[in-house]
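Opened the notebook to go through one model.

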Amino acid sequence: MKKIKILWIDDEIDLLKPHIIFLEQKGYNVDTATNGIDAINLVKENTYNIIFLDENMPGLSGLETLTEIKNIAPNIPVIMITKSEEENIMDQAIGAKINDYLIKPVNPNQILLSIKKNIDHKRLITQKTTMAYQAEFSKIGMEINSCNTYQEWCEIYKKLVFWEMELAASEDNTMDEVLKMQQIDANSAFAKFIKKNYKSWFDKNNTEKPLLSPNLMQEKIFPLIKNGKKVFFLLIDNLRYDQWQTIRPALSDFYNVEKEELYFSILPTATQYSRNSIFSGLMPYEIDRLYPELWKNDDEPGGKNLYEEKMLETLMHRHNITKGLHFEKVTDINYCKKITDNLNKYLNNYLNVAIINFVDNLSHAKTEQKMIKDLANTENAYRSITKSWLLHSPLFEMLKKLAEHDIHLVISTDHGSIRVNNAIRVIGDKNTTTNLRYKQGRKLNYNPKEVFEITNPAEIYLPKNNISSAYIFSTKDDFFAYPNNYNHYVNYYKDTFQHGGISLQEMIIPAITLTPK
């Protein structure tokens, strides 16, 4: 490993000779300067990993020297060493972006610790993270193989997301392929679990079933309203659990997380099905049967989510909730600024609902636009774009303003998405649905071992286009491709984010309740 190079600036540098010898014996290269001018020239001529700077020097002061150094090399960590603990000096130094400060007299171990903290810190954390995941790998593998309840699957998914984000933060890619294979193994086992258990979740006598889309409002929103709480329900279409974990710290200055829960999207994990189900409190088959004017099948023209507000009004009426509702689909994110500017008007309602489509639009843009493909070329980049969007959007300003009022904020979604990589062949007639992760149609031709097939849609409360319609759902990171123009189709959709099928990322999704600090 290349030796770390240190610059130590102090007008009494001769008195520090024992410290310098100590560092050189530890393998560090140390240059010295006795004044600010010489130090600035050294920084211009050399590359240093860290600088120790005396605050109190004749001529150019430590703070003045610091300013010049930062102009030349803004990213070098600078440790200020001072005899004074005066608050104004520390404020100035911290404002000038020092990385740490030490109070004289300093001992060699303090210097060594400061080097470790500011230079070796990331490398040490990376090593620790990699070793920790290696130690957990076998344990998680055994849990995947023995998992047989939806609660256990939620915990496994949380662990996989945790390690994915930890390894991404450490910037060590040595375990990336190992983690990816473990995620594939997990999704393969999860698909078997869904095939075995999903139908039983619609048995009214089954008490071992997760919270599903039709019950989200009744379980997470309505109880708050009935207890006299005002609620702002923010539904971010296609928000995965890992994306929530990415944006959570940005909200922590303004909100406390009262409950962080996971619930399950129904199948298909697609907006038409899951979001209509959320706001109606019904499964798609029940919507089609009870309110045929509010449901459109896949093969019917027009928007499939045009009546969500009407569905929610009907659901609130069924639950005897007559308090005010404002429902908004935010197609233009600048609409959030309008909400911020007129917040008191919205706070008169007991329930405000806002649907945000940015994340869903981002996933579709990754398919259609080369620039987005390049920007979101990794899972970490996909999360990073989501966080950056939130921090720089009018939505974030709206949420900060909302935190000034006594109102519960509930953040959730209708489904997640998965990056697809493996194409599997399917054949259907011209009326077969076009979604890449599920198909509905008649005379579907496929390998039953590669899909979750539902030949009688009514048993999982799904409508059908005609009497012989069936559904098939892809699993893991598979996606459906037609034999016609197969290679072009595969190359176009491979490595894009899709939803509609069975995976941890699509089905297990966040439902977060927050309160203002």
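This is a predicted model: local features need pLDDT of at least 70, side-chain atom pairs count only at pLDDT 80 or more; totals for chains, interfaces and linings use all residues.

Numbering runs from 1 along each chain as its sequence is written, and side-chain values use heavy atoms, without hydrogens or water.

**Cysteines.** I searched for disulfides, meaning pairs of cysteine sulfur atoms within 2.5 Å, and got zero.

**Sheet.** Helices (H or I, at least four residues) and strands (E, at least two) are DSSP runs, numbered from the N terminus. I counted two strands as paired if DSSP finds at least two bridges between them. I looked at an open sheet of five strands, ordered E2-E1-E3-E4-E5, with parallel pairing. Strand E2 (29–33) and strand E5 (100–103) are the edges, each pairing on one side only. The twist averages 20° from one strand to the next; axes here are lines fitted to C-alpha atoms, for helices over the stretch in contact, and angles run from 0 to 180 degrees between N-to-C directions. Zooming in, I found four bridges between E5 and strand E4 (residues 78–82). One of the residues I clicked on, Ile81, has Leu102 in E5 as its bridge partner.

**Pocket.** My grid is 1 Å over the protein atoms alone: a cavity is a set of points where a 1.4 Å probe fits but cannot get out, a pocket is an open set with protein on both sides within 12 Å along at least five of seven lines, and lining residues have an atom within 4 Å of a point. Volumes are the space filled by probe spheres set on the points, which are joined across faces, edges and corners. The largest pocket comes to about 760 Å³. Of its 31 lining residues, Glu164, Asp176, Lys180, Gln183 and Glu379 are closest to the centre. H7 gives the most to this lining, seven residues.

**Cavity.** Searching the whole structure, I got one cavity of 30 Å³ or more. Its lining is Ser280, Tyr291, Leu294, Met311, Thr314 and Arg318. Helix H12 (residues 308–318) supplies the largest share, three residues.
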